[in-house]
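Please look over the sequence and the model shown here before reading on. The report below describes the sheet, the helices beside it and the confidence of the prediction.

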Amino acid sequence: MLVIMQNVPKIRSMKPILERIEQLAGEAGQPSKSEQPEPVFEHSLEVRRLSFSYQQGQPVLKDIHFRLHRGQKIALIGPSGCGKSTLVKLLSGYYEDYDGSVSLDGVELSALDSESMLLITSMIHQNVFLFDSDIKHNICLDEPFPETVLEAALRSSSLYSYVQQLPEGLSTTVGENGSRLSGGQRQRVAVARALIRSKPILILDEGTSAVDRQTAYEIESSLLALPDLTLITITHNLNDELLEQYDEIWFMEDGRITESGNLSEMRDYGGSFSRFYQKKEPDLQTAGSLPVY
(Lines give C-alpha, C1' and ligand atoms only; values in the text may rest on other atoms or scores of the structure.)
Protein backbone atom coordinates (compact mmCIF):
# COMPACT_ATOMS: atom_id res chain seq x y z
CA MET A 1 0.00 0.00 0.00
CA LEU A 2 2.85 2.35 0.86
CA VAL A 3 4.49 1.70 -2.50
CA ILE A 4 1.24 2.56 -4.29
CA MET A 5 0.83 5.81 -2.36
CA GLN A 6 4.43 6.80 -3.13
CA ASN A 7 3.82 6.32 -6.84
CA VAL A 8 0.50 8.18 -7.04
CA PRO A 9 2.21 11.39 -8.31
CA LYS A 10 3.94 9.40 -11.07
CA ILE A 11 0.67 7.73 -12.04
CA ARG A 12 -1.11 11.08 -12.17
CA SER A 13 1.70 12.61 -14.25
CA MET A 14 1.14 9.93 -16.89
CA LYS A 15 -2.49 10.92 -17.41
CA PRO A 16 -1.85 13.79 -19.88
CA ILE A 17 0.53 11.57 -21.86
CA LEU A 18 -2.00 8.76 -22.07
CA GLU A 19 -4.72 11.22 -23.09
CA ARG A 20 -2.47 12.58 -25.85
CA ILE A 21 -1.71 9.04 -27.09
CA GLU A 22 -5.45 8.33 -27.16
CA GLN A 23 -6.05 11.55 -29.09
CA LEU A 24 -3.38 10.66 -31.65
CA ALA A 25 -4.83 7.18 -32.01
CA GLY A 26 -8.21 8.74 -32.76
CA GLU A 27 -6.67 11.05 -35.33
CA ALA A 28 -5.12 8.05 -37.06
CA GLY A 29 -8.56 7.05 -38.25
CA GLN A 30 -9.19 10.49 -39.74
CA PRO A 31 -8.36 11.41 -43.32
CA SER A 32 -4.67 12.10 -43.77
CA LYS A 33 -3.41 15.54 -44.76
CA SER A 34 -3.00 14.35 -48.32
CA GLU A 35 -6.67 13.34 -48.40
CA GLN A 36 -7.91 16.68 -47.09
CA PRO A 37 -8.18 19.86 -49.16
CA GLU A 38 -5.12 22.11 -49.11
CA PRO A 39 -5.65 25.58 -47.62
CA VAL A 40 -6.16 28.21 -50.29
CA PHE A 41 -6.15 31.97 -49.91
CA GLU A 42 -6.66 33.35 -53.38
CA HIS A 43 -9.45 35.83 -52.68
CA SER A 44 -10.60 36.38 -49.09
CA LEU A 45 -10.60 35.28 -45.48
CA GLU A 46 -14.04 35.81 -43.97
CA VAL A 47 -14.83 35.88 -40.26
CA ARG A 48 -18.43 35.85 -39.00
CA ARG A 49 -19.76 36.01 -35.44
CA LEU A 50 -16.36 35.04 -34.07
CA SER A 51 -16.10 34.74 -30.28
CA PHE A 52 -13.38 33.23 -28.12
CA SER A 53 -12.76 32.60 -24.42
CA TYR A 54 -9.87 31.10 -22.48
CA GLN A 55 -11.06 27.93 -20.71
CA GLN A 56 -14.72 28.97 -20.57
CA GLY A 57 -13.88 32.25 -18.87
CA GLN A 58 -14.83 35.80 -19.75
CA PRO A 59 -15.01 36.20 -23.55
CA VAL A 60 -11.87 37.80 -24.99
CA LEU A 61 -13.30 38.18 -28.51
CA LYS A 62 -16.99 38.96 -29.03
CA ASP A 63 -19.04 38.74 -32.21
CA ILE A 64 -16.31 39.81 -34.65
CA HIS A 65 -17.11 40.21 -38.34
CA PHE A 66 -14.78 41.11 -41.23
CA ARG A 67 -13.64 40.09 -44.69
CA LEU A 68 -9.92 40.28 -45.41
CA HIS A 69 -9.07 40.39 -49.12
CA ARG A 70 -5.78 39.09 -50.49
CA GLY A 71 -3.23 41.86 -50.76
CA GLN A 72 -5.07 44.08 -48.28
CA LYS A 73 -3.09 46.01 -45.67
CA ILE A 74 -4.74 46.34 -42.24
CA ALA A 75 -3.59 48.29 -39.17
CA LEU A 76 -5.11 46.78 -36.01
CA ILE A 77 -5.23 49.42 -33.29
CA GLY A 78 -6.73 49.65 -29.83
CA PRO A 79 -5.96 49.98 -26.14
CA SER A 80 -3.97 47.31 -24.31
CA GLY A 81 -6.03 44.27 -23.36
CA CYS A 82 -8.71 44.78 -26.00
CA GLY A 83 -8.03 41.42 -27.73
CA LYS A 84 -5.76 42.38 -30.64
CA SER A 85 -3.08 39.76 -30.00
CA THR A 86 -5.65 37.07 -29.29
CA LEU A 87 -7.37 37.79 -32.61
CA VAL A 88 -4.21 37.52 -34.70
CA LYS A 89 -3.09 34.40 -32.84
CA LEU A 90 -6.43 32.79 -33.63
CA LEU A 91 -6.10 33.79 -37.29
CA SER A 92 -2.64 32.24 -37.43
CA GLY A 93 -3.78 28.89 -36.03
CA TYR A 94 -2.82 29.17 -32.35
CA TYR A 95 -6.34 28.37 -31.14
CA GLU A 96 -8.95 26.02 -32.53
CA ASP A 97 -11.72 26.15 -29.93
CA TYR A 98 -13.69 29.22 -31.00
CA ASP A 99 -17.30 30.02 -31.76
CA GLY A 100 -18.40 31.37 -35.12
CA SER A 101 -17.13 30.93 -38.65
CA VAL A 102 -13.71 31.38 -40.26
CA SER A 103 -13.51 30.51 -43.95
CA LEU A 104 -10.83 30.66 -46.63
CA ASP A 105 -12.30 31.38 -50.05
CA GLY A 106 -15.60 29.99 -48.82
CA VAL A 107 -14.17 26.81 -47.24
CA GLU A 108 -14.63 26.50 -43.48
CA LEU A 109 -11.47 25.85 -41.48
CA SER A 110 -13.23 22.90 -39.85
CA ALA A 111 -13.11 21.18 -43.26
CA LEU A 112 -9.35 21.68 -43.48
CA ASP A 113 -6.43 20.27 -41.56
CA SER A 114 -6.04 21.64 -38.03
CA GLU A 115 -2.78 23.39 -39.01
CA SER A 116 -4.16 25.04 -42.14
CA MET A 117 -3.74 28.60 -40.91
CA LEU A 118 -0.11 27.91 -39.99
CA LEU A 119 0.51 26.99 -43.63
CA ILE A 120 -0.65 30.35 -44.98
CA THR A 121 0.37 32.79 -42.24
CA SER A 122 3.65 34.06 -40.83
CA MET A 123 3.83 36.04 -37.59
CA ILE A 124 6.56 38.34 -36.33
CA HIS A 125 6.55 39.17 -32.64
CA GLN A 126 8.29 41.91 -30.71
CA ASN A 127 10.94 39.51 -29.40
CA VAL A 128 12.81 37.80 -32.23
CA PHE A 129 14.76 34.61 -31.53
CA LEU A 130 17.93 34.04 -33.54
CA PHE A 131 20.20 31.01 -33.48
CA ASP A 132 23.91 31.35 -32.72
CA SER A 133 24.71 30.81 -36.37
CA ASP A 134 25.05 32.91 -39.51
CA ILE A 135 22.52 35.20 -41.17
CA LYS A 136 21.65 32.76 -43.94
CA HIS A 137 20.85 29.94 -41.52
CA ASN A 138 18.64 32.23 -39.45
CA ILE A 139 16.66 33.14 -42.56
CA CYS A 140 16.48 29.76 -44.31
CA LEU A 141 16.48 27.54 -41.18
CA ASP A 142 18.26 24.81 -43.19
CA GLU A 143 15.55 24.77 -45.87
CA PRO A 144 16.79 24.96 -49.49
CA PHE A 145 15.81 28.14 -51.35
CA PRO A 146 16.98 29.35 -54.77
CA GLU A 147 19.42 32.26 -54.62
CA THR A 148 16.93 34.45 -56.47
CA VAL A 149 14.27 33.80 -53.81
CA LEU A 150 16.75 34.51 -51.02
CA GLU A 151 17.83 37.77 -52.66
CA ALA A 152 14.20 38.85 -53.08
CA ALA A 153 13.56 38.25 -49.37
CA LEU A 154 16.67 40.25 -48.47
CA ARG A 155 15.60 43.17 -50.64
CA SER A 156 11.98 43.16 -49.42
CA SER A 157 13.14 43.14 -45.79
CA SER A 158 15.59 46.02 -46.40
CA LEU A 159 18.42 43.69 -45.36
CA TYR A 160 20.18 43.41 -48.73
CA SER A 161 22.37 46.53 -48.57
CA TYR A 162 23.49 45.71 -45.02
CA VAL A 163 24.52 42.16 -45.98
CA GLN A 164 26.40 43.46 -49.03
CA GLN A 165 28.56 45.62 -46.76
CA LEU A 166 29.62 42.72 -44.56
CA PRO A 167 32.98 41.06 -45.37
CA GLU A 168 31.48 37.60 -44.88
CA GLY A 169 28.04 38.50 -46.25
CA LEU A 170 25.36 35.97 -45.40
CA SER A 171 27.96 33.83 -43.61
CA THR A 172 28.35 36.48 -40.92
CA THR A 173 27.60 34.99 -37.50
CA VAL A 174 24.95 36.78 -35.45
CA GLY A 175 26.00 35.67 -31.96
CA GLU A 176 23.82 34.19 -29.24
CA ASN A 177 20.24 35.26 -29.97
CA GLY A 178 21.54 37.85 -32.44
CA SER A 179 23.75 39.66 -29.92
CA ARG A 180 26.04 40.92 -32.70
CA LEU A 181 23.18 42.61 -34.54
CA SER A 182 21.25 45.75 -33.70
CA GLY A 183 17.56 45.58 -32.88
CA GLY A 184 16.64 46.76 -36.36
CA GLN A 185 18.89 44.19 -38.03
CA ARG A 186 17.36 41.38 -35.95
CA GLN A 187 13.88 42.51 -36.98
CA ARG A 188 14.92 42.57 -40.64
CA VAL A 189 16.22 39.01 -40.36
CA ALA A 190 12.86 38.00 -38.90
CA VAL A 191 11.03 39.71 -41.78
CA ALA A 192 13.25 37.99 -44.36
CA ARG A 193 12.65 34.65 -42.59
CA ALA A 194 8.90 35.19 -42.96
CA LEU A 195 8.93 36.52 -46.53
CA ILE A 196 11.17 33.81 -47.99
CA ARG A 197 8.45 31.24 -47.29
CA SER A 198 6.00 33.15 -49.50
CA LYS A 199 3.05 32.70 -47.18
CA PRO A 200 0.25 35.00 -48.33
CA ILE A 201 -0.54 36.48 -44.87
CA LEU A 202 2.00 38.25 -42.67
CA ILE A 203 1.11 39.40 -39.16
CA LEU A 204 3.20 41.92 -37.22
CA ASP A 205 2.25 41.63 -33.56
CA GLU A 206 4.09 44.70 -32.29
CA GLY A 207 6.82 43.32 -34.53
CA THR A 208 8.69 46.62 -34.81
CA SER A 209 8.12 48.02 -31.32
CA ALA A 210 11.55 46.90 -30.11
CA VAL A 211 13.43 49.07 -32.61
CA ASP A 212 13.79 52.82 -33.07
CA ARG A 213 11.04 54.67 -34.92
CA GLN A 214 13.00 55.28 -38.10
CA THR A 215 13.91 51.60 -38.44
CA ALA A 216 10.32 50.61 -37.70
CA TYR A 217 9.15 53.04 -40.36
CA GLU A 218 11.55 51.61 -42.95
CA ILE A 219 10.62 47.99 -42.22
CA GLU A 220 6.90 48.65 -42.28
CA SER A 221 7.11 50.77 -45.44
CA SER A 222 8.93 47.97 -47.28
CA LEU A 223 6.17 45.51 -46.35
CA LEU A 224 3.41 47.92 -47.35
CA ALA A 225 5.02 48.20 -50.78
CA LEU A 226 4.56 44.47 -51.52
CA PRO A 227 1.34 44.30 -53.58
CA ASP A 228 0.63 40.57 -53.17
CA LEU A 229 1.29 40.46 -49.44
CA THR A 230 -1.69 40.51 -47.08
CA LEU A 231 -0.51 42.41 -44.02
CA ILE A 232 -2.06 42.79 -40.56
CA THR A 233 -0.09 45.06 -38.24
CA ILE A 234 -0.74 45.55 -34.53
CA THR A 235 0.81 48.87 -33.67
CA HIS A 236 0.71 51.70 -31.16
CA ASN A 237 2.84 53.91 -33.39
CA LEU A 238 0.23 56.23 -34.89
CA ASN A 239 2.41 57.56 -37.67
CA ASP A 240 0.41 59.49 -40.27
CA GLU A 241 2.67 58.61 -43.20
CA LEU A 242 2.39 54.91 -42.45
CA LEU A 243 -1.27 54.77 -41.50
CA GLU A 244 -2.22 56.56 -44.72
CA GLN A 245 -0.71 53.65 -46.67
CA TYR A 246 -3.00 51.07 -45.05
CA ASP A 247 -6.20 50.15 -46.85
CA GLU A 248 -8.10 50.08 -43.57
CA ILE A 249 -7.65 50.66 -39.87
CA TRP A 250 -9.56 48.32 -37.58
CA PHE A 251 -10.07 49.78 -34.12
CA MET A 252 -10.68 47.28 -31.33
CA GLU A 253 -12.05 47.81 -27.85
CA ASP A 254 -13.48 45.34 -25.33
CA GLY A 255 -12.98 42.35 -27.64
CA ARG A 256 -14.79 43.85 -30.64
CA ILE A 257 -13.87 45.65 -33.85
CA THR A 258 -15.93 48.78 -33.29
CA GLU A 259 -14.72 51.01 -36.14
CA SER A 260 -13.04 50.55 -39.51
CA GLY A 261 -12.00 52.74 -42.41
CA ASN A 262 -9.02 54.61 -43.80
CA LEU A 263 -7.12 57.13 -41.70
CA SER A 264 -9.02 60.17 -42.94
CA GLU A 265 -12.40 58.54 -42.36
CA MET A 266 -11.45 57.32 -38.90
CA ARG A 267 -10.16 60.69 -37.74
CA ASP A 268 -13.14 62.61 -39.13
CA TYR A 269 -15.68 60.20 -37.65
CA GLY A 270 -14.99 61.49 -34.16
CA GLY A 271 -15.42 58.11 -32.47
CA SER A 272 -13.21 56.01 -30.23
CA PHE A 273 -10.30 55.89 -32.67
CA SER A 274 -10.28 59.66 -33.01
CA ARG A 275 -10.09 60.08 -29.24
CA PHE A 276 -7.42 57.36 -28.99
CA TYR A 277 -5.45 59.04 -31.78
CA GLN A 278 -5.58 62.49 -30.19
CA LYS A 279 -4.13 61.20 -26.93
CA LYS A 280 -0.89 60.27 -28.65
CA GLU A 281 2.04 62.61 -28.46
CA PRO A 282 2.50 64.75 -31.59
CA ASP A 283 5.99 63.36 -32.27
CA LEU A 284 4.51 59.87 -32.72
CA GLN A 285 2.46 61.09 -35.67
CA THR A 286 5.34 62.15 -37.90
CA ALA A 287 8.56 60.41 -38.94
CA GLY A 288 10.05 62.50 -41.71
CA SER A 289 12.87 64.02 -39.66
CA LEU A 290 13.61 61.10 -37.35
CA PRO A 291 17.30 60.21 -37.06
CA VAL A 292 18.62 56.81 -38.11
CA TYR A 293 20.14 54.90 -35.17
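## The sheet and its helices

Strand 9 (residues 248-253) and strand 10 run antiparallel and are joined by 5 bridges, where strands are DSSP runs of E of at least two residues and helices are runs of H or I of at least four residues, both numbered from the N terminus. Within this pairing, isoleucine 249 has glycine 261 of strand 10 as its bridge partner.

This is a predicted model, in which local features need pLDDT of at least 70 and side-chain atom pairs count only at pLDDT 80 or more, while totals for chains, interfaces and linings use all residues. Residues are numbered from 1 along each chain as its sequence is written, and side-chain values use heavy atoms, with hydrogens and water left out.

An open sheet of mixed pairing is formed by 6 strands in the order 6-7-8-3-9-10, two strands being paired if DSSP finds at least two bridges between them. Its edge strands, each pairing on one side only, are strand 6 (121-125) and strand 10 (256-261).

| Helix | Strand | Angle |
|---|---|---|
| Helix 3 (residues 84-91) | strand 8 (230-234) | about 150 degrees |
| Helix 8 (residues 183-195) | strand 6 | about 170 degrees |

The mean pLDDT, the predictor's confidence in each residue from 0 to 100, is 82 for the protein. Over residues 1-13 pLDDT stays under 50, and the model has 0 contacts beyond four places in sequence for them.

Note on methods: Contact means heavy atoms within 4.5 Å. Axes are lines fitted to C-alpha atoms, for helices over the stretch in contact, and angles run from 0 to 180 degrees between N-to-C directions.
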